[in-house]
Amino acid sequence: MSAPSDAPEKQVEDNGAAAGAASGKAPAAAERSLRQIAWQRFRRDKVAMGGAIVVVLLIAMAVLAPLLTRLFGFPPNEFHQSLMDPLTGGALNDPADPASGIDPWGGMSSEHLLGLEPVTGRDMFSRIVYGAQISLLVAFGATVLCVVIGTVLGIIAGYFGGITDTIISRAMDIFLAFPLLLFAIALAGVVPDGAFGLQGNALRVGLLIFIIGFFNWPYIGRIVRGQTLTLKEREFVEAARSLGAGSGHILFRELLPNLITPILVYSTLLIPTNIIFEASLSFLGVGINPPTPSWGGMLSNSLDFYTTSPHYVIIPGLAIFLTVLAFNLFGDGLRDAFDPRSSD
Amino acid sequence: MSKSTLGLAALGVSSVLLLSACGGGGGSDSGASGSFDQATTEVVNASDEQGGTLRYAISANIESTDLGNTYYGYVWNFSRYYARTLLTYSAEPGKTTETVPDMAAEMPKISDDGTSYTVKLRDGLTYEDGSAITSEDVKYGIARSNYGDDALPNGPRYFKELLADSDDYQGVNADPSDPLAGFGGIETPDDQTLVFHLKEPFADFPYVLVQPQTAPVPADADKGQQYQEHVLSSGPYKFEGDWSPGNGLTLVRNEEWDPDSDPVRPALPDKITVEEGVDQNEIDQRLVNGELDVDLGGTGLGPAKKGEVLTDEAAKANADNPENGSLRYVAVNTVVEPLDNEACRQAVMYAADHDSLQRAWGGAAGGEIPNDVIPPAIEGHDPKLDLYPSEGDKGDVEKAKAKLEECGQEDGFSTNLGVRSDRPTEVAAAEALQASLDRVGIEVDIKQYPSDTFTNTQAGSPDFVHDNDLGLNVYGWIPDWPTGYGFLSYIAHGDNIKKAGNSNVSELDDKEINEMLSDAVKTEDTSEQERLYKEVDRRIMETGAILPIVFEKSVLYRPENLTNVRFSAGYAMYDYMPLGTTNS
């Protein structure tokens, strides 16, 4: 979160009643912008701070994946089959002795921090770290797409009303009623290997972002529309209009800055949903192509080995769980901080 | 073979009740039920005890109960309970790829020029309603499944391919007054004789007569695709009520069946049930618990249960690990550049790490590492062949690099590898191949496709393969019958390259191979056949068009209550006809 600085005028206006801007008297506490207040509240919320720290660490992990695997792991696609039992695919207790049985811990050691992937012997730590790249890339990309489409259409629907609102609102209903998962599976099956100037995994990632983002925008859209409906009746909008401002100016200069907060909060809450969606698609085999690791794909493969190598199920499952939990806690904290009425 | 009289059957039931009562008290570790892989080579729990209910389950729905409308080995095996065929596979361990007479009184008489086969039916063959089975009914069954635009869709069309004098015949619905008018390929001089006339000699014809399409269907009982609801039984069991897909099937004894007319079926259980659409993991668990007798699909335990059973000594003793007759391989395309160059394909053959590929397929329990393409159970397999030797089957990187230089690609090249996305084993093999080819600079991109379209419109379409640069495709082949021709003609004969649904994914069109295959199936001389098949086998390996992954093995589980268990190489699963059960 950015450090609190001079808040834009409009924010103060929006917060006008609380800040008592019209009174002329400005005690130090009232000088603080909404963001400063929210930041203070957020800092006091230990659970939310915990979530935020995990989120930051996850992003750092994804960005620094090449460095981390060089320091603590192996190349994510490097096979180590001499460590594995050929019959069951599990990690051997003693790599020198093929009859030594399977290590119930999946070959975890100081070399292989999270153990080995069954059959191939690829380093789980490296694959989890690289898997974070795909998960976060798709989740962030899809969220940005959702937010852009949802904000633009939501603000237009809310501001203009009438027939425009009707059309956009019905479109939202249709999108929300769409059997998204089925559509995603079908689409991923028919899109050729190279399309729209993209190839291979770049295309797969693009496709995932498009599918998830394009069909989830109505959630943001509805919130933005609702907020716009109330904001457009406010004095500062009336004032701008009476001064002769055009619709474009009012929409993007007057209304949008006041919508940033709810948009930020809800996109933070959208990210974990999108992570789960990406994992589901990878789990169903319509995600990215092997050997590139993805958490959902690992989880899907692991089901064949759950009896002999349980760590293969647990570790990617835990990675998804922790990521989703962290983003949810962070998002909840953010919402509470900006909208104290919703918290207790 | 044991006779089925009411008295004996009743006795069987009561003794079974006693047995299961004991079993309930003392646990189920009777111990004498066999050892690991025993049913692959001999009979486990031999018994002629009648009675009880034999419980099958399958993870999908039964493809069809109609003999003329099925292409799945498990239906071919199972349908014999209620439909007798002219010939069938022997149930004698060690000879299970040989054909023996079923409805036929003896093996067919072949004319000197090899183009006509005469089959005499046994005496005393009847349907469940007591009416007699005639040769015309057999002919009708073949007609409805092979000829005309409205022939039943699912089954193979071998009769149409092979029979003479029938090219103008438009099927059983063309002329309602005489459904068989114009079908000259089969003569029925009397009610018990069939004479098949072939276009040209075809030594594998007895295997065609094993197919369920040779089961009798009386013309007035035929209801087209609805016939599957209640097939008129010619075997020891008949449908209880009607069958519809997904609702399960129950078979009860057909009292009109005469055991004296049937040397193939001991018909031990009183009742046979099939549950459809049961999750594979649940089937496996219930088998191990003894709550189910047979997995009808016959493909063996799923991967999760397999690992568990193979690591548990007690459970392992109830498992068999036979080769299921299929070759899993990577089709190396002979048209896509630069693999159109034989030396480039041979580079792939040398570079492949077979140990890694076998591990991906589940290690030694998943299959043997092959050095040729014809599986061991089939004539023509050459155990001495080893054209691409390497230490520890890890691949020979030096030789591969030399071959790359020979084909003008000394820096390696890149190509795509097609694989079915919903088959984890195949994806694992693809990744293993990708890693091993990477060692010599061959860069492989894995492309995933859904399995329901893969064999038809992706790997099965040469145009798609060329357009998408799919130099490699993970593929597999299970022959329709266990001979060299049955195994190789579809995957290696140039004449079988099709626009869609192509099985010759390598697009191998080698004059030598084509000629040898065509010659081999025309001769009745078995030693000449063997020589030709071995030569074809060697030549295919030389072309580098087929990179074998494994001769696949399945892990089949036989619960302790299952009796008379033996593996049939002909059906690549347990032989279902002799099975009995100690359940009440």
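Visitor: Which residues does A:Leu208 touch, not counting residues up to four places away in sequence?
Guide: Happy to start there, with a note on how to read the names: this is a predicted model, where local features need pLDDT of at least 70, side-chain atom pairs count only at pLDDT 80 or more, and totals for chains, interfaces and linings use all residues. Residues are numbered from 1 along each chain as its sequence is written, and chains are lettered from A and ligands numbered from 1 in the order in which they are written. Two residues are in contact if their C-beta atoms, placed from the backbone, lie within 7 Å. Leaving out residues up to four places away in sequence, A:Leu208 touches A:Val138, A:Glu278, A:Leu281 and A:Gly287.

Visitor: Is A:Leu208 buried or exposed?
Guide: A:Leu208 sits in helix α10 (residues 200–231) of chain A; helices (H or I, at least four residues) and strands (E, at least two) are DSSP runs, numbered from the N terminus. A residue is buried if 20 or more other C-beta atoms lie within 10 Å of its own, exposed if 12 or fewer, and partly exposed in between, with C-beta atoms placed from the backbone. A:Leu208 has 27 C-beta neighbours inside 10 Å, so A:Leu208 counts as buried.

Visitor: How many residues of helix α11 of chain A are buried?
Guide: Helix α11 (residues 235–242) of chain A has eight residues and is hardly covered. After α11(A) comes A:Gly244, with a positive phi near 95°. The count of buried residues in α11(A) is zero.

Visitor: Are helices α12 and α14 of chain A roughly parallel or roughly antiparallel to each other?
Guide: Axes are lines fitted to C-alpha atoms, for helices over the stretch in contact, and angles run from 0 to 180 degrees between N-to-C directions. The axes of α12 (residues 247–283) and α14 (residues 311–338) of chain A come within 9 Å and cross at roughly 165°. Angles under 35 degrees count as roughly parallel, over 145 as roughly antiparallel, 65 to 115 as roughly perpendicular and the rest as oblique. α12(A) and α14(A) are therefore roughly antiparallel.

Visitor: How do the residues where α12(A) meets α14(A) divide into nonpolar, polar and charged?
Guide: On the α12(A) side the contact includes A:Val265 and A:Leu269, and on the α14(A) side it includes A:Phe327 and A:Arg335. Ala, Val, Leu, Ile, Met, Phe, Trp, Tyr, Cys and Pro count as nonpolar, Asp, Glu, Lys and Arg as charged, and the others, Gly among them, as polar. The contact of α12(A) with α14(A) divides into 13 nonpolar, five polar and one charged.

Visitor: Which element gives the most to the side of chain B that touches chain A?
Guide: In this interface, 27 residues of chain B are in contact with 24 residues of chain A. Among the elements of chain B that give two or more residues are α7 (303–310), α13 (424–438) and β16 (443–449). With seven residues, the element that gives the most is α13(B).

Visitor: Which residue in β16(B) stands opposite B:Val419?
Guide: Strand β15 (residues 414–420) of chain B has six of its seven residues buried, so β15(B) is largely enclosed by the rest of the structure. Two strands pair if DSSP finds at least two bridges between them. β15(B) and β16(B) pair in the parallel sense over seven bridges. Opposite B:Val419 stands B:Gln448.

Visitor: What is the omega of the cis peptide bond that joins B:Glu337 and B:Pro338?
Guide: Most residues other than glycine have a negative phi, and most peptide bonds are trans. B:Pro338 lies in the loop between β13 (323–332) and α9 (342–351) of chain B. For the cis bond from B:Glu337 to B:Pro338, omega is about -5°.
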